[in-house]
Amino acid sequence: MSKLQLTMAVSHYDHTVDIVLGKVKIEGIDVTVMDLPLHDIFQRTVGFADFDIAEMSTAKYVAMRSVGDDRLIALPVFLSRVSRHSAIYVRKDRIKTAGDFVGKRVGVPEWAQTAAVYGRGVMQHELGIDLTKIKWVQAGVNQPGRIEKVELNLPEGVKLTRVADKSLSEMLASGEIDCAIIARPPDCFLQGHPDVVRLFPDYLEMEEKYFAKTKVWPIMHIIAMKKSVAEEIGRAHV
């Protein structure tokens, strides 16, 4: 029986490099593996179904399923697991306590970005912040123009405004937004903007305490397979 010919797209990790380089084979499958930037993988997977198997944002997968899009099947393979207390950046001249978030403008690269989901979870469940009392803004991190990759089903009372011509970093630096939830540090923070800081400077200690309390190690990325491919593999093993 000939092997199934599949394509797979993943980003570079220590635990995927041997598959990317072909040192580890997948039984019964000839797979062409592409090591690509995450943003490209997610966009091409959701928008164009370019790959048979792909690394996938957990939040984007859940968002797809929530609106009835079942083109992908999630596999219990977790390529990235990261706590996100470190991902909340604030204007220290505007936000000092949880109560300061009421009425403020908070930016996210995408509502359905997993890091943003867990960041909002920290705000709501750890700090007691009412997410409907925040003015949410969606924009690219360091460059403008980023858009949501999946159809959204926003919670009742939540309003999200897209800004197409400015980045979150730019707006955070200028004070047009008061906070941003971003997986990687924005340029304004890396460049030492005097008013932009992490909400939790001691985030490592807080993440350790969070895990000790909840036993939750947040799943950022999974492996997803086209439903049609999963069905073909299933038929081959009947």
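Residues are numbered from 1 along each chain as its sequence is written, and side-chain values use heavy atoms, with hydrogens and water left out. In this predicted model, local features need pLDDT of at least 70 and side-chain atom pairs count only at pLDDT 80 or more, while totals for chains, interfaces and linings use all residues.

**Exercise 1. Determine the strand order of the open sheet and its edge strands.**

Step 1. Helices (H or I, at least four residues) and strands (E, at least two) are DSSP runs, numbered from the N terminus. Two strands pair if DSSP finds at least two bridges between them.

Step 2. Strand β6 (residues 105–108) runs parallel to strand β7 (residues 135–138), with 4 bridges between them. Within this pair, V106 has W136 as its bridge partner.

Step 3. β7 also pairs with β8 (residues 160–162), again in the parallel sense, over 3 bridges. Here Q138 stands opposite R162.

Step 4. β5 (residues 88–91) and β10 run antiparallel and are joined by 3 bridges; R91 is opposite V196 of β10.

Step 5. β8 and β10 (196–198) are the edge strands, each pairing on one side only. On average, neighbouring strands are turned by 25° against each other, direction ignored.

**Exercise 2. Locate A49 and K215 and classify each by accessibility.**

Step 1. A49 is in the loop between α2 (38–48) and β3 (53–57). Its phi is near 50°, a positive value in a residue other than glycine.

Step 2. K215 is in the loop between α7 (203–214) and β11 (219–226), with a positive phi of about 60°.

Step 3. Buried means under 20% relative accessible area, exposed over 50%, and partly exposed in between (1.4 Å probe, protein chains only). A49, at 32%, therefore counts as partly exposed, and K215, at 59%, is exposed.

**Exercise 3. Describe the surroundings of S57.**

Step 1. S57 belongs to strand β3. At 2% relative accessibility, S57 is buried.

Step 2. Not counting residues up to four places away in sequence, S57 touches F42, A112, T114, M220 and H221.

**Exercise 4. Identify the largest nonpolar core and its contributors.**

Step 1. A nonpolar core is a set of buried Ala, Val, Leu, Ile, Met, Phe, Trp, Tyr and Cys residues joined through side-chain atoms within 4.5 Å.

Step 2. The largest has 20 residues, and I88, F101, M123, I134, W136 and I181 have the most contacts inside it. β5, β6, α4 and β9 each give two or more residues; the largest share, 3 residues, comes from α4.

Step 3. Another core, of 19 residues, lies apart from it and includes Y13, L38, I53 and A54.

Notes. Axes are lines fitted to C-alpha atoms, for helices over the stretch in contact, and angles run from 0 to 180 degrees between N-to-C directions. A polar contact is a pair of N or O atoms within 3.5 Å; within protein, one must be able to donate a hydrogen and the other to accept it, and residues adjacent in sequence count only if both atoms are side-chain atoms. Contact means heavy atoms within 4.5 Å.
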